[in-house]
Amino acid sequence: ERLVRLGQVGDRLERRRKFSAAANLIERLNLDREAFPEVVRYKLVCWLCYAVHRMPVHIAEDYVVGDAQLLALCVAQLAKAGSVESAAALYRKHEDELRDIIEPRALKAMALARAAVEGTGSASPPLPD
């Protein structure tokens, strides 16, 4: 539990090291994974960041159904990687859930891509539909 608690503070690399160590201990000691939901969630987040670019959007969507934070993570990761059309489609489908939690950087990337496609060239394009 102490390792998990420590894994929630520090920079990204520190958190990664501590959560990875906790995950290894859970596996090696055959502990109940359900007793460590923070570690399970962290591993899911890491896997999603890696896999969301390598699978169809609807499959990623199935993995995060009902969890707006994970959905926002998928949209942000897709937008960051340049898969703006996929990010925008996922955002539009779940806009009510995501409106207040999506990263502004992801919204801007989707809006700029939309402006480029529509040929508006606006410096401050509207948010995606």
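**Helix packing and salt bridges, step by step**

Arg41, Leu44, Val45, Leu48 and Cys49 of H3 meet Gln69, Leu70, Leu73, Cys74 and Gln77 of H5. The model is predicted.

Visitor: How many residues of each class are in the contact of H3 with H5?

Guide: Seven are nonpolar, two are polar and one is charged.

Visitor: What describes two packed helices?

Guide: Now take the case here. H3 covers residues 37–51, and it packs against H5 at about 25°, with the axes 10 Å apart. Angles under 35 degrees count as roughly parallel, so H3 is roughly parallel to H5.

Visitor: Is the crossing of H3 and H5 left-handed or right-handed?

Guide: H3 and H5 cross in a right-handed way.

Visitor: At what angle do H5 and H6 pack?

Guide: The angle is about 155°, and the axes of H5 (residues 68–80) and H6 (residues 84–93) are 7 Å apart. Over 145 degrees counts as roughly antiparallel, so H5 is roughly antiparallel to H6. The crossing of H5 and H6 is left-handed.

Visitor: Which residues of H5 and H6 make the contact?

Guide: H5 brings Leu71, Cys74, Val75, Leu78 and Ala79. H6 brings Val84, Ser86, Ala87, Leu90 and Tyr91. By class, that contact has nine nonpolar residues, one polar and no charged. Cys74 of H5 is in this list, and Cys74 also meets H3.

Visitor: Which parts does the pair of Asp67 and Arg41 tie together?

Guide: Asp67 sits in the loop between H4 (57–63) and H5, while Arg41 is in H3, so the pair links parts 26 residues apart in sequence. Arg41 is partly exposed, at 34% relative accessible area. Arg41 is also among the H3 residues that meet H5.

Visitor: Which residues are linked in a network of salt bridges?

Guide: Glu95, Asp96 and Arg99 form that network. Between Asp96 and Arg99, the closest N and O atoms are 3.2 Å apart. Asp96 is exposed, at 66% relative accessibility. Arg99 is partly exposed, at 44%.

Visitor: What is the distance between the closest N and O atoms of Glu103 and Arg105?

Guide: The distance is 3.3 Å, in a salt bridge. Glu103 is partly exposed at 37%, whereas Arg105 is exposed at 60%.

Conventions: Residues numbered from 1 in each chain as written. Predicted model: local features only at pLDDT ≥ 70, side-chain atom pairs only at ≥ 80, totals over all residues. Heavy atoms only, no water. Axes fitted to C-alpha atoms, helices over the stretch in contact; angles between N-to-C directions. Helix = DSSP H or I, 4+ residues; strand = E, 2+ residues; numbered from the N terminus. Parallel < 35°, antiparallel > 145°, perpendicular 65-115°, else oblique. Left-handed = near helix turned anticlockwise from the far one by under 90°. Contact = heavy atoms within 4.5 Å. Nonpolar A, V, L, I, M, F, W, Y, C, P; charged D, E, K, R; others polar. Buried < 20%, exposed > 50% of the residue type's maximum accessible area, 1.4 Å probe, protein only. Salt bridge = Lys/Arg side-chain N within 4 Å of Asp/Glu carboxyl O.
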